[in-house]
Amino acid sequence: MRTTRFVVPAAAGVLAVAGLAGCGGGDDSDAKADGPIAVKATDSACEVGATEIVAGQVTFKVTNSGSKVNEFYVYAAGDRVMGEVENIAPGLSRELRVELPAGTYETACKPGMSGRGIRGALKVSGTAATVAPDAALGQATASYQRYVQSQTAALLTKTEEFVAAVKANDVARAKDLYPVARTYWERIEPVAESFGDLDPKIDGREEVVEEGMPFTGFHRIEKDLWTTGDVSKDGAIADQLLVDVKAIVAKANAEKLTPLQLANGAKALLDEVASGKITGEEERYSHTDLWDFNANLEGSKAAIAALRPALEQRSPDLVKQLDTEFANVEAMLGKHRAGDGWKLHTQLSKTELKELSDSINALAEPISKVAAVVAR
Amino acid sequence: MSEPNTDETTRGTGVSRRRAITLAGAGVAGVAGVAVGAGALLGGGDQASATETAAGAVPFHGEHQAGITTPAQDRLHFVAFDVITKDRARLVALLQEWTAAAARMTAGKDAGLIGAVGGVPEAPPDDTGEALGLPPSQLTITVGFGPTLFRDAQGRDRFGIADKRPAALADLPHFAGDALKPELSGGDICVQACANDPQVAVHAIRNLARIGMGVVSVRWSQLGFGRTSSTSRGQATPRNLFGFKDGTANLKAEDADLLREQLWAQPGDGPAWMAGGSYLVTRKIRMLIETWDRSPLAEQEMIVGRTKGSGAPLGKRAEFDEPDFAVKGDDGELVIAETAHVRLAHPDQNDGARLLRRGYNFVDGSDGLGRLDAGLFFIAYQRDPRKQFVPIQTRLARNDAMNEYLRHMSSGLFACPPGVRDAGDWWGRALFS
């Protein structure tokens, strides 16, 4: 939950994208790879059937034979997500179709859906046209849209599971699912929040609910789960949450953010961390703020990654600085892992929180310079 | 980190606050070096700044850092930073960037080259803007390096400068009665911003803190008002929150020989980089205001050793009369008691050791029990704390009758390097080169 909205300057239209390259799907390239590449994912390994392939449309078939829920990613430099599948339950297979120009990539399985994952190199050869600066910016919108779509799919699935657990009065399961479902929300929060009426219904905190408006959504259920431990009367609230999430998912999937909006979104996500998560305000009952912290950080990184080809052409020094500072925050936050999740906010000392705050400030200052680089 | 812009002629690309004033018709009053402040008659000191008006600019470059013998301004914002990077090059780049920003701000300009309103709409401004339209207000920005910058708590040489730590920068001992809060004490780098307008002082610290994000982190900071010492004979002696004149016997800008002997680190004292610098001790001293206010006038004067009205030493007529520590009253008792503050702190009682004090009052609201959270933010500069602050404070901590009304909450010790010589120089250059 945040109070400021996405800034959409009138001039942003100039940057809006026409004729996107690399949108994925449909383009019947000569360099198309033959058949899906098998990926065997377990809790400790990630075997990718081919690591040197030809540019074009590529399909991965990911089979999870481990015991944890898994994810599979293809990353370009700077962890720019070229494609990903989320939420692959144990025993299931999912396909990932992705358009890959020639270049060097990394594949990653994330058993337990956490951390950097189990990485492997992926070399794609073939014809690689150098991307013109404006085209590089143009790709950012499509690249981030892919990210949003993957996140909203998982948000919907996890919200469904959470709602089912609440309605079944399964408090333990609902508590486990709560921070997981919110992870997908928090990663794309600036997008979701651009739909002003739905955001407070889904993510409103008790004190921001206006007079006469009911306190609903994630945080209402959070309060009941962690204070009274009684959600037997929350069925209608849970149903409404799912309705609202479905509505926002449909809207978010259709949304095309301009590069300038992406730059501001990357910053907005860090502002979220600095103002709501460091202080423990967001998750005041569950204290799962570090889950949100991590999700905001990942979301910010995804937005920057989408802009990366353009930023590398326009301001390589800034990219270096961002890489350094992202790595620093990740290292600081990494100290507070607990299993596949995170320590509670209340388990961190004041010194540890200040350390995190410093690292976010260190990252947010260079990120605040991205918008001007994108706009020039 | 960008290189500091050292070309004086290109600095005015942002809005110059001083120029804005002039354009607005404020006339010559806002222009440095023109107006002469009333009463600022100098006895030949090297600080031309004493001739500025309260709104004017104090020269940033010079042999010594400004903000030490500069006539004490009315307002303070003091900050201590922890250095959070391990990268020496980043720290050096920050010191360079800070120096350039300080040179601009003390001249009444924006912190950055672009300024608060001169940039593209998509970028955050490189100045925060709250000082737009305000004159330089005699802003001085003074920097110091704490012991922990040289070696951390584990004794590690953090930035390859451990062998340059001056012996005089020895950790202060525990003094009797100290109730120090570690989170309000120490720090790797301090910045003292003094100005005649509180908004100008806060603007300076805020912008330096912002520039430093990722390299330094604010450890603690303190606002102060109403200077409690005069550092020039042109200034009247002000009063502290006990209601007494404070700093009558202070080192003053005009005492050239004494300043050499007592204030500035001399060549040969220690590492060469500190020659022309000075050592700074800060103490946040809470005053128990309410109990003090209930004590009788005679007791207050006995505790201080001076009269409350004129500030004269007990038994004398005028403020600047020398106290007589031997004279006894009709009752056979010492007129200035053994435990009087003025006796214990006086140079005659401390082998001639003196301090240049330029502390400020503080009121941080109230404390939840209905009492003012108030006192003195003590600031003292000196040539060697081991020979000056430490012995003086040792005596005070043991015997000062005033201790009943004081609590020392925070302590800081910093080596303030000599002045930035010119546009190519920067804070700490000799230390890091």
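**Close-up 1. Ile285(B) and its bridge partners in the predicted model**. On strand S9 of chain B, Ile285(B) has His408(B) as its bridge partner. On strand S8 of chain B, the bridge partner of Ile285(B) is Leu376(B). Strand S5 of chain B, residues 278-287, pairs with S9(B), residues 406-416, in the antiparallel sense, and the pairing runs over ten bridges. The pairing of S5(B) with S8(B), residues 372-382, is also antiparallel and runs over eight bridges.

**Close-up 2. Burial of strand S5 of chain B**. S5(B) is mostly covered, with ten of its ten residues buried. One side carries Ser278(B), Leu280(B), Thr282(B), Lys284(B) and Arg286(B), and these are all buried.

**Close-up 3. An open sheet of five strands in chain A**. The strand order is S3-S9-S8-S5-S6, and the pairing is mixed. S3(A), residues 52-54, and S6(A), residues 80-88, are the edge strands, each pairing on one side only. From one strand to the next, the twist averages 20°. Within this sheet, S8(A), residues 103-109, and S9(A), residues 118-125, pair in the antiparallel sense over seven bridges. Tyr105(A) has Leu122(A), in S9(A), as its bridge partner.

**Close-up 4. The disulfide of chain A**. A search of the whole structure finds one disulfide over all chains. The bond joins Cys46(A) to Cys109(A), with an S to S distance of 2.0 Å. The disulfide is right-handed, because the torsion about the S-S bond is about 60°. Cys46(A) belongs to strand S2 of chain A, residues 46-48, and Cys109(A) to S8(A), so the pair ties together parts that are 63 residues apart in sequence. Both Cys46(A) and Cys109(A) are buried.

**Close-up 5. Cys190(B) and Cys416(B), two cysteines in no disulfide**. For Cys190(B), the nearest cysteine sulfur is that of Cys416(B), 5.1 Å away. For Cys416(B), the nearest is in turn that of Cys190(B), at 5.1 Å. A disulfide requires the two sulfur atoms to be within 2.5 Å. Cys190(B) has 0% relative accessibility and therefore counts as buried. Cys416(B), with a relative accessible area of 1%, is buried too.

Key:
Residues numbered from 1 in each chain as written. Chains lettered and ligands numbered in written order. Predicted model: local features only at pLDDT ≥ 70, side-chain atom pairs only at ≥ 80, totals over all residues. Heavy atoms only, no water. Buried < 20%, exposed > 50% of the residue type's maximum accessible area, 1.4 Å probe, protein only. Helix = DSSP H or I, 4+ residues; strand = E, 2+ residues; numbered from the N terminus. Pairing = 2+ DSSP bridges. Axes fitted to C-alpha atoms, helices over the stretch in contact; angles between N-to-C directions.
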